[in-house]
Amino acid sequence: MDRDREGPAGSEQHLPRLRLDELLEELQVRIDAVRGTRDRLHSLLEAVLSIGKELDLPQVLRSITEAAVALVDAEYGALGVVGDDKTLVEFVTVGLNDEDGARTGEPPLGHGILGELIRHPLPLRLDDISEHPASYGIPEGHPPMRSFLGVPIKVRDEVFGNLYLTEKRGGKSFEAEDEAVLSTLAVAAGVAIENARLYEEARRRERWLRASAEVTATLLSGMPSVDVLELIAAQAREIVAAEVGIIAERVPGEEALRPAVAVGAGADRRGGLVMSVRDDFLGAALSTSEPVVSGDVTHDPRSLAEEAQWAGLGPVVAVPLGTSGKSRGVLVLGRLAGEKPFSEVETGPLLGFAGQAALAMELAERRRDAEQVALLQDHDRIARDLHDLAIQRLFATGMTLQSAQRFVQHPQASERLARAIDDLDDTIKIIRASIFGLRTHGSRTQEVSGLRGRVAATVQDSVASFGFSPALRMEGLIDTGIPDEVADHAVAVLGEALSNAARHSGARAVDVHVRCTERELTLTVSDDGCGIPPGAARSGLRNMEERATALNGALTLGDRPGGGAVVVWRVPLGGDGGGPVRAVR
């Protein structure tokens with residue numbers, strides 16, 4: 001009876017104890033939740049401080065992606081940078097190993113679910129990514145993805161890119177709290193990206209200023225224009241992280257551009273190519289006053305994809321050298337296919353920097369004109385001195401010997417005296433021919449008479465192609481001892497040889513030597529370029545060979561000591577000669 005009375009009382013004591021355990025468990029859950037929230041907020045704060053310390057933009061992007069993955073406990077994360085054409089121009093991933101990356105192939109452009117955030121820059125949270133209407137285009141071999149969370153990153157109210165997180169660990173779905181945390185991180189990321197951009201812009205501006213100062217100092221130092229242009233191309237290529245840099249100038253009288261300098265990948269090959277102005281991409285650069293940019297020049301409808309100068313390149317920017325419609329040429333910078341396009345921030349300073357290249361060309365032209373005037377004045381002075389002093393003295397000496405000849409009785413002495421008088425006459429003829437050559441050398445008109453003047457004019461015309469004046473030497477009675485037919489062939493061969501050297505050799509020095517004897521005319525053109533490769537086109541060489549063969553002469557190709565090529569065109573002036581093209585190694 002007593003136990004029966006105690007039974008209900010014991011149950012009443014046990015019930016409060018159960019309720020207390022439940023309350024304690026619930027309290028523990030709430031404490032754990034508070035602690036978890038506190039830890040998460042602490043991790044978020046650490047992530048914000050961490051990415052705020054970085055100033056290198058690529059590292060900032062990677063730090064943001066890694067922090068996002070850690071904060072929402074995701075398996076995979078990515079940050080896509082949105083370009084001007086509303087596609088992804090950069091894609092930073094976290095969680096994919098090298099094998100996964102190789103299987104997924106090229107980075108995405110921003111279609112499917114990734115493009116949904118580009119079209120609608122608002123947070124997007126999905127339990128199952130495959131159920132969304134925009135879910136398509138997942139590459140074969142990509143790791144499985146189910147849960148998805150994406151938020152935009154804005155910089156000054158402009159969408160910079162998006163954060164993409166997939167596969168929350170434990171097979172769970174992303175929650176509203178995950179979205180709130182990631183959105184908060186995105187705000188901090190926008191500030192960090194803007195700081196990194198400003199720092200990068202300041203560094204780039206400083207580099208442009210240093211480069212401009214160096215180019216200005218080089219210009220004022222009087223260095224050859226080709227060295228100044230090479231410095232400009234190299235500096236621009238380095239600052240904008242391009243693979244190729246070319247400065248090409250207009251070819252007088254032709255719809256073409258010829259590289260004055262080329263630096264970077266394939267510089268030797270690209271430096272010898274003639275660039276057609278029929279290429280609308282280059283034509284646009286010549287006719288505008290702004291940089292012309294292409295994301296992929298080989299697939300750009302404005303460019304001639306078959307043009308050899310675009311081989312292997314993707315993003316390209318072309319900048320005019322000079323004012324619109326009067327540009328002297330273009331500065332071309334290119335990156336390899338598949339690399340990111342040039343941004344407006346990168347190309348903005350190029351126009352002013354390219355103006356220095358135009359100034360270098362202008363100074364070089366003025367310097368050449370001044371040198372030409374000084375050379376012509378010097379030639380006139382030498383010609384006057386030879387005529388007024390040397391010829392008159394030789395003529396007086398000849399007259400004296402001729403008058404003394406009648407007093408010489410010995411036959412052998414009389415004969416030697418006659419030969420001496422004849423030699424003086426020949427010497428006077430040679431000096432007069434030299435005077436004529438001095439006075440016609442350097443003339444730029446097309447109506448030049450005499451082989452000496454025509455050779456000098458041909459060499460002078462090649463200056464625009466080389467960017468410097470080839471050295472010229474002439475020996476013998478070039479104007480009086482060579483038939484017109486031979487002279488015509490010689491001028492044509494000289495023009496072809498100089499054109500080949502300008503287009504293919506990349507030479508910085510060219511020597512032209514014309515020598516005329518009683519029996520032979522020899523034309524030698526040598527340069528310090530890349531030489532004549534075995535697979536070089538033979539059309540120009542074949543033309544020179546045919547001209548030599550027609551005159552019973554020969555064409556010889558050889559290597560220049562120290563590097564370069566030597567072309568020797570030799571024809572007889574009376575008698576037989578001739579033979580095929582000979583290669584001297």
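Me: How many bridges join S13 to strand S14 (residues 520-527)?

Reply: Strands here are DSSP runs of E, at least two residues long, and helices are runs of H or I, at least four, numbered from the N terminus. Two strands pair if DSSP finds at least two bridges between them. Seven bridges join S13 to S14, and the two run antiparallel. Three residues lie between S13 and S14, which form a hairpin.

Me: Which way does strand S12 (residues 471-475) run against S13, parallel or antiparallel?

Reply: Parallel, with five bridges. Met-474 has Val-514 in S13 as its bridge partner.

Me: What should I know about the model and its numbering?

Reply: This is a predicted model: local features need pLDDT of at least 70, side-chain atom pairs count only at pLDDT 80 or more, and totals for chains, interfaces and linings use all residues. Residues are numbered from 1 along each chain as its sequence is written, and side-chain values use heavy atoms, leaving out hydrogens and water.

Me: How many residues of strand S13 (residues 510-516) are buried?

Reply: Buried means under 20% relative accessible area, exposed over 50%, and partly exposed in between (1.4 Å probe, protein chains only). Five of the seven residues in S13 are buried, so the strand is mostly covered.

Me: Why does Cys-516 count as buried, and why does Cys-530 count as partly exposed?

Reply: Cys-516 counts as buried because its relative accessibility is 10%. Cys-530 is partly exposed because its value is 49%.

Me: How many disulfides are there?

Reply: A disulfide is a covalent bond between the sulfur atoms of two cysteines. The rule used here asks for a pair of cysteine sulfur atoms within 2.5 Å. By this rule the count is zero.

Me: Where is Leu-273, and what is it in contact with?

Reply: Leu-273 is in the loop between helix H7 (267-271) and strand S8 (275-276). Its relative accessibility is 21%, so Leu-273 counts as partly exposed. Contact means heavy atoms within 4.5 Å. Leaving aside neighbours within four places in sequence, Leu-273 is in contact with Leu-257, Pro-259, Ala-308, Gln-309 and Arg-503. Ala-502 is 229 residues away along the chain, yet its C-alpha atom is separated from that of Leu-273 by 9.4 Å.
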